[in-house]
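Let's walk through this structure together, from the build of one chain to the place where two chains meet.

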Amino acid sequence: MNNFIEIKNVSKTYGNYKALDNISISIPRQSIYGLLGPNGAGKTTLIRMLNQITAPDEGSIIFNGATLNRNHISQIGYLPEERGLYKSMKVGEQAIYLAQLKGVSQKDAEKRLKSWFNKFGILNWWDRKVEELSKGMQQKIQFIVTVIHNPQLLIFDEPFSGFDPINVNILKNEILELRDKGATIIFSTHNMASVEELCDNIMLINKGKKILEGSVYQIKQDNKDNKFEVKLRNSGIQEFRDSGHWVLPDGFSIISADDKDVNSETTLVISAEKEINPNILINHLSEKGTIVSYRELLPSMNDIFINKVNSL
Amino acid sequence: MNNLSIILKREYLTRVKKRSFIIATLLGPIIFAALMIAPSLLMINSDKMESKKAIAVLDETSWFYGKFENTDVNTFVYYDESEHIDSLKKLVFDGVYDAVLYIPMTSLNIPVNAKLYSNKQVPMTLSSHIRNTMKQEIEHKKLLASGIDPSIVKSVQTNINVSTIRMDSETEEKTSYAELEYIIGLLLAGVIYIVIFIFSNQVMRGVIEEKTNRIIEVIISSVKPFELMMGKILGIALVVLTQISIWLILSSAIYFVASGIILGPEILSPSGTVMTEQISQITEMSKSQDIMLEAVNMIQSINFSAIILGFLFYFIFGYLLYAAIFAAIGSMVDNETDSQQFISIISLPLMLSLICASTTINNPDSSLVLWLSMIPFTSPVTMMLRIPFGVPYWQVGLSLIILISSFVAVTWLAAKIYRTGILMYGKKPSWKEIWKWLRY
């Protein structure tokens, strides 16, 4: 069984409001799965179901081959979007408490926490009260508490909100490391840049319905509009212009040309009809000048996200 | 360790370790003991503290010459009609006298009006001393005028002591001391009332804290909301019990030590100022022995085991019932201000039961009291008022069964509201929404 989580035909209704409508997804073992969607799309409902805070009205959730049940709680680590700590409690005490609730013994919790604190260089916070710490510091502790029981499934809801860029980087590396050590990670966010960087697979959800699912690579391939960007040196662009039109092979058309570059390079953006081998273009252009760079313009996840959500 | 006990432990320890708890727990008994000792201290020392007063008496009727007894505090100096009241008044301002008592001649020849002039507030004890003396004297004179020997009247005066004896069964009779039972009932009912409110409020504040801290979602991804709610309610219950037992132990210790030091020698010394000197030593002895005996009887007449058991049961289940409701309220709101609307409604029944305290004690058999004893929201206070007087077993049993089963039912409903409420941020829910949460 290669999928760690299988969500099958799950629906949830609150009163007249359909929070989730027949959602099915599969999350491969040891991968990072992005859950994308605008506010109110149903991401949090889905996450709360995995955490057994709410139960689906219909459908089922399979966790590592077995139907999801209370025994799985200690194998899940959850960093919610709305997160906080007891303000007047000491950091170490509180971390031990939260670890104990996940089934770690007091002794183990203390040992593991000390090594995590050590790793983040925050061991001297142990006896300080949470209210004395900055928001960023508190987030680090929340992260540690989320992973302290070595869960097989990690759920991060907007993990980077409130972090400064340095800490975002530390966190990204930790997340990747956790995956490499075997954890399966679900990742809910609006931050599309981090999705492209981290996620292996994503699902786009809107108004309780699944809109898109697949690997980040595949989704980009499926949504590309066959655009290419070519940089030419000594292109003799004047020659193109003089003839009154851009001379390109059949099936290609120019979108923009920019020759204002200080290095006298010309940047061309060209769109191609589908099923045309772009090598034809390269051959054609190589006669006109020196090709400095060539790349296929793939849509960013941000564009796909906005496009898909708006086109509904 | 299971989740409930981990939560309970945290709720208990964080509260017990708080500075405010330690201060309240240690200071409480000192204040309480002070409250108990202060009145007796005041009583003993009031005579000493009162300044001596000299009173000029201008008695135009000359009925009362030498009748006002000089005491430690008050000295009476008599003048006859030759002196004018205005010149005596002047002496008050000059500081020779503290007051002038003026008894004018009246047309009926019975002096029922007197005036006490002073430039300062006259102590109540002085004016009542004068009033009593005059009353006695006039009554005495009237009796003589009607041809009755005042000594006969004195001899027929009798002190009546009615002992109320309650027959619990045909063979068992008990002398009851209504005043003492009243005080015990009122005290314990008051404790139940106050403790339920203070600590249910703590439950609510704890829930609101978790909500506003946003830690709630982390915790309920590890434990069931019901476990969190019960852990909090039970943890705080243990805090209450801890505090009350420390209070009891400390305050009784302080009371005994302090009363030994402060009151002991005064009571023990036969010439002490506690008893007035007019009473002879012998009667004093026998009287105090009587009082002792009476006190022992009183204490023996109180059914302590029933009172303590009743207190524990009604206190614990009353608290649990209200704490569950307050937890639900806490889950519905984002801050304490918003909770007021709900609390005021919830606290009405408990207040009602305290307002009806005197009815409850004077008319324990009325149907109102029966209802108050059965309705779970009022029964903890009402029953505590009644138990010292003795309550039929069937009523206690039924009332406890109702209380416990409504605790279970209310907790079940509260848990449903709590479960949904803790994840709702922003606006205060309407009654309609709460109804919806109950049915999720």
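What share of the contacts in chain A with a separation of 6 or more comes from residues 24 or more positions apart? Such residues account for 70% of them, where two residues are in contact if their C-beta atoms, placed from the backbone, lie within 7 Å.

Before going on, a word on the source: this is a predicted model, in which local features need pLDDT of at least 70 and side-chain atom pairs count only at pLDDT 80 or more, while totals for chains, interfaces and linings use all residues. Residues are numbered from 1 along each chain as its sequence is written, and chains are lettered from A and ligands numbered from 1 in the order in which they are written.

Chain A holds 10 helices and 14 strands; these are DSSP runs numbered from the N terminus, with H or I over at least four residues for helices and E over at least two for strands. The C-alpha trace of chain A spans about 80 × 45 × 35 Å along its principal axes.

Now to the partner. In chain B, 15 residues are in contact with 18 residues of chain A. Helix 1 (3-16) and helix 7 (216-220) of chain B are the elements that give two or more residues to this side.

How confident is the predictor? The model scores ipTM 0.81 and pTM 0.74. Chain B has a mean pLDDT (the predictor's confidence in each residue, from 0 to 100) of 80, and 82% of its residues reach 70 or more. Among the elements of chain B, helix 1 has the highest mean pLDDT (92) and helix 9 (residues 264-268) the lowest (49).
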